[in-house]
Amino acid sequence: MATGRHYKRGSDLRLSCSLCMESYRGRTPKLLPCFHTFCLPCLENIVVTATSKKSASHADDSPVKDTKKTCEENKQNIEVTEKETNPEEKKEDKIDDSTEEEEDKEVIFQCPTCRVSIPVPAGGVSQFQTNFYVDCDDEPDASLDLPVECDTCEDGSRETATHECGDCRHRMCSRCSRMHPIHAQGHRVRPLDAGAVGKATSKVVKTRECPSHAGQSLCFHCRQCDVSVCLHCKLTSHEGHTTEDFMAAVTRAKGEVNRLIVTANQQIQVLENVLGRLERDTLELSRQKQEMTSNVTSKYEALMTWATRACDEALEEMECVQRAALTEMEAERIVARDTKQLLSRLVTRAASSCHTDADADIVLHKSELQAALLDDDALTRYRQRGNKEGHVTFFTYRSDDKAVQLDQVRDFMGRQEGQDQDKQDKMAVMSMRELSENALTTIQSLEDLRMNMRTMTQNATRLVSFRVRLSTPLNVTAGNPFIFDVVDYNEGGGYDTATGVFTAPVTGTYIFMANLYDQTYGSGYGYISLSIDSKNINFMNISNCVGMIHDIVSLKTGQKVSLVPDSQFTLYSNDLYTFYSGALLRANPSAE
């Protein structure tokens, strides 16, 4: 039997159960609702005793009457009782199994320390909360290279441990290892590994402090609020909530994180494939555009060659028409000019003969002049030509606009069909500009998605907490927020000492708590409320000078929280009585 001593190695202090005096190491200490702790085997013995005496009177009988025995003796008694039970009783027990289960649900026992009646939860005493503050491995730091001493030596020799019990996890020397199975029947003793004999091993565990209580480690995880808490949080803001071991929650979270990592890696691979495909499509788009540009340019050059040839032919034809017309007009001009000059000379000579009375010349000039005059047809033709109004039409331009249609030119030049061979459905026809705009939009969407994921990750891991107090007494008036001027810490910069207002830097679940001491209210009372965006969400009564307010709220980025009184009084400035704190329990950036 253990001597009830505390196990001490270096600076490590181990506690023991107050009933069986055994170390809590490996015995699963359970925390009762009254906050007293006992090992699991002792609680099981108490329930066995309470069940066996359930039909008898509970007047002054102690529920821990037999718990002063060691766990080994209790186990021996239970085994003997099971051996002495006759088969007929076991058969009846099996027949009435359902009835006994209903009765087990109603088993109530008294705490051995405070005598408070405690009901056994469904599933037995193992469902009580494990006290992780005393449930620790008796493992010193491996870096110290300390020897592992025997746990059961009572003569003070403290020899080096060479064996270990697989049931109670005691390490013992070779002498105690031979005696242990005699005193603890059924226990399995096995030699320590060769590398572990005489040396201690340990695991390095990284702890994280509670954001609401400085110096307190996170040791529980509230399933209802899905947040890790310390012992103070469990006893205050999370009292009555279903909790589990912090490391168990970490293990479960690791599994979920690993699953999320696998999913994220799969999505990253999909995105990488998309980015690679977009890169290849961009290069292919440039290649196809260059190829199509070459085709269109060649068609244009061919069309321009034909058009140039047709233009040259039309211009040459007009040159021929012009030359023919000029030749004809030149011949006509020469005839008209010569006829005009002849008539002019004859008229001048005939007139001169008439003035000089040269009779012989007059007859001659008459015959010449009469012969030189134009006949009626020639005169009529010249008159028509000289008196004709408007312009003479030398060219007649004829062009058939319907001979060549724009669609025919487009068909000849070629056009983009917009067909993707990798898809069965045909895409709608789009221009190169539309394709470029869609590609830029897709790239921008992927960049925005990457930035959003980065922002969400930063917000999810962001730490936000504050604790403030007063340097001097504060006179407050109704409707004006409390302003605490001394800041112990303000991670995230949410609290403003100038206005006394906390502004949520990120969307998530927050906890706020304030302890206030009113030095003006003797036996009176007053009300203080927690306000979100100037809207009161709860009230706290300051009775007999002291009051406390705490609440868990959901805030969005930018919402403002403050403490607002409903009357005028003076707050005491002692930081042990008057302080105000808040913290981010869980960020939820996806809710923005």
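A salt bridge is counted here when a side-chain nitrogen of Lys or Arg lies within 4 Å of a carboxyl oxygen of Asp or Glu. The structure above is a predicted model, in which local features need pLDDT of at least 70 and side-chain atom pairs count only at pLDDT 80 or more, while totals for chains, interfaces and linings use all residues. Residues are numbered from 1 along each chain as its sequence is written, and side-chain values use heavy atoms, with hydrogens and water left out.

By that definition, the structure holds 13 salt bridges. One of them joins Arg-190 to Glu-164, with 3.7 Å between the closest N and O atoms. This pair links distant parts of the chain, since Arg-190 belongs to strand 10 and Glu-164 to strand 8, 26 residues apart. Helices and strands are DSSP runs numbered from the N terminus (H or I, at least four residues, for helices; E, at least two, for strands). Glu-164 is buried at 15%, whereas Arg-190 is partly exposed at 43%.

The strands that carry this pair belong to an open sheet of 3 strands, ordered 9-8-10 with antiparallel pairing. Its edges are strand 9 (171–172) and strand 10 (189–191), each of which pairs on one side only. Two strands are taken to pair if DSSP finds at least two bridges between them; strands 8 and 9, which run antiparallel, are joined by 2 bridges. Within this sheet, His-163 stands opposite Met-172 of strand 9. The loop between strand 8 and strand 9 includes His-170, a buried residue with 7% relative accessibility.

A second salt bridge connects Glu-244 and Arg-223, whose closest N and O atoms are 3.1 Å apart. Here too distant parts are linked: Glu-244 sits in strand 13 (residues 243–245) and Arg-223 in the loop between strand 11 (220–222) and strand 12 (227–229), 21 residues apart. Glu-244 is buried at 9%, while Arg-223 is exposed at 53%. In a further salt bridge, the side chains of Arg-469 and Asp-488 meet at 2.9 Å, N to O. Arg-469 is in strand 14 (residues 465–469) and Asp-488 in strand 16 (residues 486–491), so this pair ties together parts 19 residues apart in sequence. Arg-469 is partly exposed at 22%, as is Asp-488 at 34%. Salt bridges with shared partners also join Arg-223, Glu-244, Arg-252 and Glu-256 into one network.

Turning to the loops, Asn-131 lies between strand 7 (129–130) and strand 8 (163–165) and is buried, at 12% relative accessible area. Its side chain makes a polar contact of 2.8 Å with that of Thr-37. Such a contact is a pair of N or O atoms within 3.5 Å; within protein, one must be able to donate a hydrogen and the other to accept it, and residues adjacent in sequence count only if both atoms are side-chain atoms.

Most residues other than glycine have a negative phi. Met-21, by comparison, has a positive phi near 65°, and so does Ser-534, likewise near 65°. Met-21 is found in the loop between strand 2 (12–14) and strand 3 (29–31), and Ser-534 in the loop between strand 20 (525–532) and strand 21 (535–543).

Conventions
Buried means under 20% relative accessible area, exposed over 50%, partly exposed in between (1.4 Å probe, protein chains only).
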